[in-house]
Amino acid sequence: MKQNKYDDAGFFAKYSAMPRSTGGLEAAGEWSTFRSLLPDLHGKRVLDLGCGFGWHCRYAREQLAESVVGIDLSENMLERARAITDDPGIEYRRGAIEDIRFAAGEFDVVISSLAIHYVERFDLLCREVQHCLRPGGSFVLSVEHPIYTALAAQDWHYGPDGAKLHWPLDHYHDEGPREARFLEDDVIKYHRNIATYLNTLITSGFTVTKLSELQPTPEMLEQNASWHEELRRPMFLLLSAVRN
């Protein structure tokens, strides 16, 4: 299923008002960890899957990447990305992540930030990414953590007084679609466990080099008190892998 919620005017307006939409990468709590997983981008050809407003594309060029291609299904996203990008080294293309088709070894680095949990067939995507990466190329991705996606409600269990008692975990090994609520709308996400993410990368011809479940740092906790909740359960899973 290829969703395009972001071309709905109301949904896009709510997304555009989110801190990470207005503040860019520095407003995304997971950015410092994601950045640490990236290889040296100097002179690299980069592909960004689910590029959104193009924040990662522009960062790659700031790091002297040779060229960047950003893929997104939403025309609203791409229109905003083009409006705030003034760089002939970045090309934005409309399309679904699932439909990418590139020449063998066309890229040195493929990145994807918080988009792949909307993709049904991670195995097919890994196969295409492996194909379009040169040998030794890097694949860096972030997704919502499987502990976060296992239950469609994606919410705490509350006590009678409204206190957040614990994060419920159930049906962890029951992989597949979840109808979740995001920005007051129904969206389909695809739950996979950690083993599936890792083993799919391995069987697709990658060596996994780093995994992070984004434990908040003291600096993150000082800057934003809400990050204390992330000490109780992980919200993000970040992976870096290298094409064999």
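1. On the basis of the model: it is predicted, local features need pLDDT of at least 70, side-chain atom pairs count only at pLDDT 80 or more, and totals for chains, interfaces and linings use all residues. Residues are numbered from 1 along each chain as its sequence is written, and side-chain values use heavy atoms, with hydrogens and water left out.

2. The whole structure holds 12 aromatic pairs, where rings of Phe, Tyr and Trp (its six-membered ring) pair if their centres lie within 6.5 Å, and planes under 30 degrees apart count as stacked, over 60 as edge-to-face and the rest as tilted. Phenylalanine 12 and phenylalanine 53 make an edge-to-face pair, 5.9 Å centre to centre with 70° between the planes. Because phenylalanine 12 lies in helix H1 (residues 9-16) and phenylalanine 53 in the loop between E1 and H4, this pair ties together parts that are 41 residues apart in sequence; helices (H or I, at least four residues) and strands (E, at least two) are DSSP runs, numbered from the N terminus.

3. Both phenylalanine 12 and phenylalanine 53 are buried, meaning under 20% relative accessible area (1.4 Å probe, protein chains only). Ring pairs also link them into a cluster with Tyr6, Phe11, Tyr15 and Phe182.

4. Arginine 58 lies over the face of tryptophan 55, at 4.9 Å from the ring centre, the criterion being CZ of Arg, or NZ of Lys, within 6 Å of the ring centre and within 35 degrees of the ring normal.

5. In helix H4 (residues 55-62), the buried residues are His56, Cys57, Arg58, Tyr59 and Ala60.

Conventions: Buried means under 20% relative accessible area, exposed over 50%, partly exposed in between (1.4 Å probe, protein chains only).
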